[in-house]
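Please look through the sequence and the structure first, then read on.

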Amino acid sequence: MSEIKLFKGDALEILKHLEAKSVNLIFADPPYSLSGENYLTCKSGKIAKCDKGSWDQIENIYEFNEKWIKECIRVLKDNGTIWISGTLHNHPSIGVVLKKLNLWIINDIIWFKPNAPPLIQKNRFVPSTELIWVSGKSKQYYFNYEMAVRLNNGKQMRNLWEIPAERHKTPHPTEKPEKLLERIILIGSKEGDVILDPFMGSGTTGVVAKRLNRDFIGIEIDDKYFEIAQKRIEKASTERNLIEFLEKSTRGATLHLEFYPKKEKESY
Ligand SMILES: C[S@@+](CC[C@H](N)C(=O)[O-])C[C@H]1O[C@@H](n2cnc3c(N)ncnc32)[C@H](O)[C@@H]1O
């Protein structure tokens, strides 16, 4: 049975109260800092100002990223890993902070969304990737290579991950696909490990952690999103059969992800 701890509030404060070296894997999907006057997007076929919410307007993205990453590193076990997703708006600052804190950068994963929406403006390429920095405290870190191979139908997994963006299950504007988190959690942790998401949004990481029989700590500052995440994680089930299959089988697991029971779309 997974142990789930959810905190409503500012990650910068709450992280300070978590025990040092108590977490095996951190997935963080922090504010991108792409909302505001200068950023445009496409809504219903029209150009619109990009506004993900006030949480996405950060005054000094370098300072912000340094503060929360430092705290995360304090709570990370010595062989744990931290996975940080972002777009071009924030990933340069994350890279600088990872270097400044002397972390070992294991990989930069390019998440390619083949179904990314088209651009209306004809002045640049269509954004269809996000970057995920993967780092550890040293070169001694947990990484389930066999699992990665298994999830990739018996071949070495590359750092280019083609995973389509999914129809959102909640009203959160930046909900991540569960398939992305399944891959990260299966490769970066074991059953019973502790997963932390300091910016949990709609709770995707918590849902997948619980499904895969890991403990979970989630932090979210926004009341509405916190409630959505809480309900969503409560409803999530643990897929014991799939885990046994994935851990013991020597066959490729990709096909068998279909073993997840097909659920009706839930509303939150
Ligand atoms: C990019 S979204 C995460 C989306 C999430 N991965 C999902 O699948 O739904 C970032 C989230 O961080 C929250 N947030 C922003 N600043 C925060 C802070 N200082 N402490 C905790 N949560 C924060 C926002 O409210 C937002 O829901």
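The residues of the shell around the ligand divide into 8 nonpolar, 5 polar and 6 charged. In this count Ala, Val, Leu, Ile, Met, Phe, Trp, Tyr, Cys and Pro are nonpolar, Asp, Glu, Lys and Arg are charged, and the others, Gly among them, are polar. Of these 19 residues, Ala 11, Phe 199, Gly 201, Ser 202 and Thr 204 come nearest to the ligand. A residue is near a molecule if its C-beta atom, placed from the backbone, lies within 6 Å of it. Helix H1 (11-14) and strand S10 (215-220) each supply at least two residues of the shell.

The model is predicted: local features need pLDDT of at least 70, side-chain atom pairs count only at pLDDT 80 or more, and totals for chains, interfaces and linings use all residues. Residues are numbered from 1 along each chain as its sequence is written.

**Overall make-up**

The protein has 8 helices and 10 strands. Helices (H or I, at least four residues) and strands (E, at least two) are DSSP runs, numbered from the N terminus. Of its 268 residues, 35% count as buried. Buried means that 20 or more other C-beta atoms lie within 10 Å of the residue's own; with 12 or fewer the residue is exposed, and in between it is partly exposed, the C-beta atoms being placed from the backbone. Among contacts between residues at least 6 apart in sequence, 74% join residues at least 24 apart. Two residues are in contact if their C-beta atoms, placed from the backbone, lie within 7 Å.

**The sheet**

In what order do the 8 strands of the open sheet stand? The order is S1-S10-S9-S2-S5-S7-S6-S8, and the pairing is mixed. Two strands pair if DSSP finds at least two bridges between them. S1 and strand S8 (160-162) stand at the edges with a single partner strand each, so one side of each has no neighbour in the sheet. From one strand to the next the twist averages 15°. Such angles run from 0 to 180 degrees between N-to-C directions, with axes fitted as lines to C-alpha atoms, for helices over the stretch in contact.

| Strands | Sense | Bridges |
|---|---|---|
| S1 (residues 4-8) and S10 | parallel | 5 bridges |
| S9 (residues 194-197) and S10 | parallel | 4 bridges |
| S5 (residues 76-86) and S7 (residues 129-136) | antiparallel | 6 bridges |

Is S10 enclosed or open? Because 6 of its 6 residues are buried, S10 is largely enclosed by the rest of the structure. In a regular strand the side chains alternate between the two faces of the sheet. In S10, Asp 215, Ile 217 and Ile 219 are buried on one side, and Phe 216, Gly 218 and Glu 220 are buried on the other.

**The helices**

H6 is largely enclosed by the rest of the structure, because 8 of its 8 residues are buried. Those buried residues include Thr 204, Val 207, Val 208 and Arg 211. They pack against S1, S2, H5, S9, S10 and H7. After H6 comes Asn 213, whose phi is positive, near 65°. Helix H7 (residues 223-235) lies across S1 and S10, and runs at about 170° to S1.

In helix H5 (residues 178-188), 9 of the 11 residues are buried, so H5 is largely enclosed too. Ile 184 lies in H5 and counts as buried because it has 23 C-beta neighbours inside 10 Å. Leaving out residues up to four places away in sequence, Ile 184 touches Phe 27 and Trp 83. The C-alpha atoms of Ile 184 and Leu 25 are separated by 9.2 Å, although the two residues are 159 residues apart along the chain.

**A partly exposed residue**

Asp 108 is found in strand S6 (residues 104-112). Asp 108 counts as partly exposed because it has 13 C-beta neighbours inside 10 Å. With residues up to four places away in sequence left out, Asp 108 touches Leu 131, Trp 133 and Asn 159.
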